[in-house]
Amino acid sequence: MTELKDRRELLSFLTPRVQQFHVSDGGLPILTQIDVAHILGTIQIKEVVMYGRIKYIGETKWLNSVAKILKCSLDTRKWRETRFEWIFDMCRLALIESIDPNKCFYCDGVAELIDDSGKHILCQSCSGSGNRIVRDADRAWALGISPPGWSRWSPRYQVMFDQAKKYDDILYGALKRRAA
């Protein structure tokens, strides 16, 4: 009987095991990109899966697809676009902000800018940290409009941002269930 038990133990070493989620110092479970990809496979809503691939795995190639879906989900018939693809650009901005809310828009989070001569200079907007609290003036700059002009679009932007946050809430729920 002991010999049979030893064989079973040896065989158990060869079979794949379920990963144990250890708790880090911050109290959050450590999930790898593979774990997140597996969790995303359990979600049925396509745009939420693509959003999760952008946010947690870093696959930014899905950003335009999610922005198009987000734009189509909004009732924009009464919104007069100031230029071609204006609402699409707003959707992209809302997604980018919801994915990484404190990322500096000016340097794209890398803390440096390259001037006309090719010289690397420290980003003055975020003081070289790559992080910045995003304000309405930053959103207006990112979309190429004046800050006073932004006030007209701010409520519509908030609708887009809230929808992106719903994607995030669905993902958070799925990740929390899996990590528990």
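Modeller: Gladly! Let's start with exposure: buried means under 20% relative accessible area, exposed means over 50%, and partly exposed is in between, using a 1.4 Å probe and protein chains only. One caution on the source: this is a predicted model, where local features need pLDDT of at least 70, side-chain atom pairs count only at pLDDT 80 or more, and totals for chains, interfaces and linings use all residues. Residues are numbered from 1 along each chain as its sequence is written, and side-chain values use heavy atoms, with hydrogens and water left out.

Biologist: Why is Arg156 called partly exposed?

Modeller: Its relative accessible area is 22%. Buried would need under 20% and exposed over 50%, so Arg156 counts as partly exposed.

Biologist: Where is Arg156 found, and what is Arg156 in contact with, leaving aside its neighbours within four places in sequence?

Modeller: Arg156 is found in helix α7, residues 147-179. Helices here are DSSP runs of H or I with at least four residues, strands are runs of E with at least two, and both are numbered from the N terminus. Beyond those sequence neighbours, Arg156 is in contact with Trp79 and Met90, where contact means heavy atoms within 4.5 Å. The C-alpha atoms of Arg156 and Ile87 are separated by 9.3 Å, although these residues are 69 apart along the chain.

Biologist: Is Ala111 buried or exposed, and how do you know?

Modeller: Ala111 has 11% relative accessibility, and because that is under 20%, Ala111 counts as buried. It lies in the loop between α5 and β1 (112-114).

Biologist: And why is Ser127 called exposed?

Modeller: The relative accessible area of Ser127 is 60%, which is over 50%, so Ser127 is exposed. Its place is the loop between β2 (120-122) and α6 (136-143).

Biologist: What is the phi of Ala111, and of Ser127?

Modeller: Phi is near 75° for Ala111, a positive value in a residue other than glycine. For Ser127, also not a glycine, phi is positive too, near 60°. Most residues other than glycine have a negative phi.

Biologist: What makes α3 oblique to α5?

Modeller: Helix α3 (residues 46-57) and helix α5 (residues 86-99) pack at an angle of about 50°, with their axes 10 Å apart. Angles under 35 degrees count as roughly parallel, over 145 as roughly antiparallel, 65 to 115 as roughly perpendicular and the rest as oblique, so α3 is oblique to α5. The axes are lines fitted to C-alpha atoms, for helices over the stretch in contact, and angles run from 0 to 180 degrees between N-to-C directions.

Biologist: Which residues make that contact?

Modeller: Tyr51, Ile54 and Lys55 of α3 meet Leu95, Ser98 and Ile99 of α5. By class, the contact of α3 with α5 has 4 nonpolar, 1 polar and 1 charged residues. Ala, Val, Leu, Ile, Met, Phe, Trp, Tyr, Cys and Pro count as nonpolar, Asp, Glu, Lys and Arg as charged, and the others, Gly among them, as polar.

Biologist: How many helices and strands are there in the protein?

Modeller: The protein has 7 helices and 2 strands, in the sequence pattern α-α-α-α-α-β-β-α-α. Of its 180 residues, 31% count as buried.
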